[in-house]
Amino acid sequence: MSSTTVGLLTSYAEKTRWTPTQASRDADRKALQDSSWADGLRGIAAVFVMFSHMTLAFARYIVRPADGEHGLSQWMQRPILRLVGQGPAWVACFIILSGFVNSLKPIKLARQGNIETALSNLAVSSFRRSFRLFLPAAAATIISWFICQFGAYEIARNSDAYWLQITSPEVSPSWGQAIIDLIYAIRNTWLYNPENPYDQPQWALMYLLQGSMFVFMALLATINLTPRFRVMTMMICWFWSWNWGIRIGDPMVGVSCFVGILLSELNHSEIPLRLSPFSPFFAPPMALIALVLMSFPSEFQTWAQWSNFLLEWFHKVSPENAELSRFWPTIGAQLLCLTVVLSPHMRRGLSNPWLLWLGKVSFPLYLLHGSFMRSLLSWLLFAREHLVEFEEHNGDQSYIVMKYPLPGYTTFIIVMPVFFVILFTATHVWAMKVEPQFGLITKKAEDLMFGKQERPTALPVRHD
């Protein structure tokens, strides 16, 4: 092809395509500079954590990838659809997003050369993070403890809904013992192998706090590095942290929080903008692969061909001490967040106002849904049921227990919309009215402990 022909084609392309291409690049740049998508994805993760507990309560068959070792897979047992029962994968998303959000501002300041402000921001953020996790969790535990002492969980504790039954504590024998039980519950939420009998989902909060502290410490150690060497350091930490599973109790923490920092570095680079024209081609298959990996079952992996394939690859590629049930879901969650960072279209989709609202109420939803399920939902579902005999087995022994049987589908269809309206109304009220109070308490504690309290102005001396 002659140089004249190439010149004519180039000129034509510039005249006909330059304006929309420039507009598209401007829109992509704006989308890639917006981090509100993290709130949208956090809201989705909170909803799916709630769905995972409903799955364990009312549809435990979804946890398995098939009905038997040589059985068929039902629709909700298949990849992606079974994500309604994959709580650990969505908890991994929480930790990744926590690392991403907590490192955005310090990394931006570090890239601008404003190291002192970045260090100050890290110090204040690490202080606030502890209060903003502990105070709402303690309040939710107190509420759950209080309604438990009045027998609000007795129906759930005696039901045939597995998750409701095993997470509903008994009424304490006395108010003195009840206060002791409450203190132990709040304390045990933040210990190694955390356990809160009044709000079981709070087991993840200690790991969220732990991951946040890892982020702050890692940034503190690398804040003076250039972005290239900071990325190299975080990649080394990511590989190294796969061996933490046995030592710190949960294998998702290190690998997820360091990925959050890496994604924040990527977010502040030009790479997402350069790849944005190609994102419609690579983002959908990447997201699809991520969702399939997140669907990896925690047990009976050999029962389905797709999960058995991932099981075999786990033994080939997994680092030492990596936990089987968390390895692929955590990798999938990391790949999903990476895809969103690289795709302006996915960012815009996750910045939908409804998803942003879900993100705003995500933490209250995480804290309150368990108590609402054990009380309100149990009352609505089992109100017309009577105790019936169930035969249970413990090894070679069998015994009879009295339980409330699960109601029919019609009851679920009627009850669930009512329950969701009440639950999301309560979480909205909590986010609007209660959360700001925790913010005020945190601010006052910060002013007091950082020496920012204003001294009272001296009254003028009267000379009568």
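A salt bridge is a side-chain nitrogen of Lys or Arg within 4 Å of a carboxyl oxygen of Asp or Glu. The exercises below concern a predicted model, in which a search of the whole structure finds nine salt bridges.

**Exercise 1.** Determine how arginine 42 and aspartate 39 are placed in helix H2, and which side chain is buried.

*Solution.* 
Step 1. The two side chains form a salt bridge, with 2.6 Å from N to O.
Step 2. Arginine 42 and aspartate 39 are three residues apart in helix H2 (residues 37-58), so about one helical turn separates them.
Step 3. Buried means under 20% relative accessible area. Arginine 42, at 17%, is buried, whereas aspartate 39, at 32%, is partly exposed.

**Exercise 2.** State which parts of the chain are tied together by glutamate 446 and arginine 128.

*Solution.* 
Step 1. The closest N and O atoms of this salt bridge are 2.8 Å apart.
Step 2. Because glutamate 446 belongs to helix H19 (residues 409-449) and arginine 128 to helix H4 (residues 115-149), the pair ties together parts 318 residues apart in sequence.
Step 3. Glutamate 446 is buried at 2% relative accessible area; arginine 128 is partly exposed at 38%.

Methods
Residues are numbered from 1 along each chain as its sequence is written. This is a predicted model: local features need pLDDT of at least 70, side-chain atom pairs count only at pLDDT 80 or more; totals for chains, interfaces and linings use all residues. Side-chain values use heavy atoms; hydrogens and water are left out. Helices (H or I, at least four residues) and strands (E, at least two) are DSSP runs, numbered from the N terminus. Buried means under 20% relative accessible area, exposed over 50%, partly exposed in between (1.4 Å probe, protein chains only).
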